Amino acid sequence: MSAAQIGKPATKRHWELELLRIFSMFLIVATHYFASDDSPSRIDPALAQSWKSALHAVTIMPGQVGVTIFVLISAYFLSRSTRSPFTRVAKIWIQTFIYSCGLWGAYFVLSHFVGSSQYFVNPRSILMSVFPVTFGAYWFISAYVVMVIVAPYINILLDATSARQHGALLCLSLWITFIWHILNPANTWAFTDASYLCTLYLIGALIRRHEDRLPRVRWYFAMAIMILCALICMVGTHTIAVSSFLREQLYYPGNLFTAGTGASPILSVICGVLIFLMTLQYISSRTHASTHERISSLVLTLSPATFGVYLLHENFIFKPHLWGLVFSVPSPSGVWRLAYASLSIVLIYLVLLAVCFVIFRLVVQPCEKAFLKVLSRS
């Protein structure tokens, strides 16, 4: 992309970026698979301080890589807009409500027919299902909505700053959000879900606004950095596991380098940024129109359903049933375990994507169109 193109709002959605969005959700699903699997290295207390357990922790990293990529794509297209975020937030809210309330309603009806547990039929679950964003039914959605709301104001600020000032603000945000938490894990106020995504937004905005100034990322350099990040995650996780001083005196959580409460996923962010930059550089290096019309058409058709994959498989009602069903089938041991897991993740993702595509076309899209129609009349 030329410097002139950088200064204009991004209106065209490249199919490569949409494919990257689909891939980012695949990474998230894969991580949730490994975070729930029946691997001895995860569930056997005797292996908690082993290298096998530390290696298994590395499989939790890709989820935050996927989160990073997903947010960077959004930031790339939002970072030149100062329009009201109302319509965009409303569409997110509508889709989230459809999945959350729909799944709760389906569970409520089925529980009466099959006589299943009424565990999710209580005031708290009802509030979380009807108001999923407000009550944090999905941590990512709540934080993402906050990011989208503040994005136009961040853009106004960035419009008044130079590239150097933008870089300084980003470095400060990275320090407060990630590094400070690694140095002092007892500090829990700086790293929040919203600050996490807003920091990623600053990265995406920097790439969008100053893409022509960024150095080219070679694939072998990126691979070396990502392998190094995985090794740091494994060694760091193992060190924390075997050190009572780090755990009991300095309060280092075992998941510091992966994900979840207490984590600081800076390593995953680095990997996600590298993948995103390489994709952009591939797009900008093309000198002719894409010859992959069928692939691009399929990708652009499926991409809108990607958001639903997260809403479906991470729903607090559906999630335990999904992974309970998946891991009710005994998995092989030894070298075949990884192959079995890889195949299972691919199949799970394809089924989820297909289901969410149908839901998007039959329910979400009509509801969004009806909302926009009513909004245009007001």
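Modeller: Helices are DSSP runs (H or I, at least four residues), numbered from the N terminus. A crossing is right-handed if the near helix is turned clockwise from the far one by less than a right angle, and left-handed if anticlockwise. This is a predicted model, where local features need pLDDT of at least 70 and side-chain atom pairs count only at pLDDT 80 or more, while totals for chains, interfaces and linings use all residues. Residues are numbered from 1 along each chain, and side-chain values use heavy atoms, without hydrogens and water.

Biologist: What is the hand of the crossing of helix 8 and helix 10?

Modeller: Helix 8 passes helix 10 in a right-handed crossing.

Biologist: Why is helix 8 called oblique to helix 10?

Modeller: Their axes, lines fitted to C-alpha atoms over the stretch in contact, cross at roughly 45 degrees and come within 8 Å. Angles run from 0 to 180 degrees between N-to-C directions. Under 35 degrees is roughly parallel, over 145 roughly antiparallel, 65 to 115 roughly perpendicular, the rest oblique. Therefore helix 8 is oblique to helix 10.

Biologist: What makes Tyr251 exposed?

Modeller: Its relative accessible area is 55%. Exposed means over 50%, buried under 20%, partly exposed in between (1.4 Å probe, protein chains only). So Tyr251 counts as exposed. Tyr251 lies in the loop between helix 12 (244–249) and helix 13 (266–285).

Biologist: Why is Ile359 called partly exposed?

Modeller: Ile359, in helix 17 (residues 336–377), has a relative accessible area of 24%, so it is partly exposed.

Biologist: Which residues does Ile359 touch, not counting residues up to four places away in sequence?

Modeller: Tyr99 and Val364, where contact means heavy atoms within 4.5 Å.

Conventions. Helices (H or I, at least four residues) and strands (E, at least two) are DSSP runs, numbered from the N terminus.
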